[in-house]
Amino acid sequence: KQLIVTALIVLATVTLAACAPHTTSRALSPEEGAAYAAEVDDIVENMIVGFTENDFAKYTRDIKHPLDEAYEASIRQFADEIIVEWGAYQGKTLDHVEDRGRSRVVIYHLVFEKEPDVTLSVTFKNAKSHLIVGTNWHSE
């Protein structure tokens with residue numbers, strides 16, 4: 001389970017990790033964070049639903065970098081495995097939003113049928129861009 005999650009993290013953030021400098025983070029106020037999360041809510045929901053439906057086109061609609069066939073195959077396999085293990089996606093709640101260097105990261109808690117607390121961090125290029133440049137899924 002942890003190996004699968006780790007594999008997705010590596011695959012989903014390889015481009016970002018290769019060129020991202022080490023930065024400090026600053027949490028936005030709850031009001032600022034909620035406002036930004038509202039701006040990107042449809043994008044994040046689409047990405048989550050695309051993943052849980054194993055719909056690669058939907059999952060990657062708002063991802064910045066073009067993704068190749070090998071990446072698509074690994075995501076499809078991972079999605080199949082996760083949905084069997086976690087069950088159906090049921091919803092998300094906002095935890096907080098951070099600025100990390102030039103990037104903006106929105107952190108959610110997701111609820112799945114068999115896994116009630118999955119943390120999802122979605123990284124956007126910057127506060128003005130609504131293109132996803134990385135994701136990090138984590139369950140205990």
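Modeller: Let's begin with β5, where six of the eight residues are buried, so this strand is largely enclosed by the rest of the structure. This is a predicted model, in which local features need pLDDT of at least 70, side-chain atom pairs count only at pLDDT 80 or more, and totals for chains, interfaces and linings use all residues. Residues are numbered from 1 along each chain as its sequence is written, and side-chain values use heavy atoms, with hydrogens and water left out.

Biologist: What makes a stretch a strand or a helix here?

Modeller: Both are DSSP runs numbered from the N terminus: a helix is H or I over at least four residues, a strand is E over at least two. The protein has four helices and five strands, and their order from the N terminus is α-β-α-α-α-β-β-β-β.

Biologist: Why is aspartate 99 called buried?

Modeller: Buried means under 20% relative accessible area, exposed means over 50%, and partly exposed is in between (1.4 Å probe, protein chains only). Aspartate 99 has 15% relative accessibility, so it counts as buried. Of the 140 residues of the protein, 41% count as buried.

Biologist: And why does arginine 26 count as partly exposed?

Modeller: Its relative accessibility is 43%, so arginine 26 falls in the partly exposed class.

Biologist: How do you know that aspartate 99 and arginine 26 meet in a salt bridge?

Modeller: A salt bridge needs a side-chain nitrogen of Lys or Arg within 4 Å of a carboxyl oxygen of Asp or Glu. For the side chains of aspartate 99 and arginine 26, the N to O distance is 3.1 Å, and this pair is a salt bridge. Aspartate 99 sits in strand β2 and arginine 26 in strand β1, so the pair ties together parts 73 residues apart in sequence.

Biologist: How many salt bridges does a search of the whole structure find?

Modeller: It finds eight. One of them joins the side chains of glutamate 45 and lysine 92, at 2.7 Å from N to O. That pair links distant parts of the chain, with glutamate 45 in helix α2 and lysine 92 in strand β2, 47 residues apart. At 25% relative accessibility, glutamate 45 counts as partly exposed.

Biologist: What separates glutamate 72 and arginine 76 in helix α4?

Modeller: They are four residues apart in helix α4 (residues 69-86), so about one helical turn separates them. Arginine 76 is partly exposed, with a relative accessible area of 32%.

Biologist: What makes two strands a pair?

Modeller: Two strands pair if DSSP finds at least two bridges between them. Strands β3 (residues 103-112) and β4 (residues 118-124) are joined by seven bridges and run antiparallel. For arginine 104, the bridge partner in β4 is phenylalanine 124. β4 and β5 also pair in the antiparallel sense, over seven bridges, and there phenylalanine 124 has isoleucine 132 as its partner in β5.

Biologist: Which strands are at the edges of the sheet?

Modeller: The open sheet of five strands has the order β1-β2-β3-β4-β5, with antiparallel pairing. Its edge strands are β1 (25-27) and β5 (132-139), and each of these pairs on one side only.
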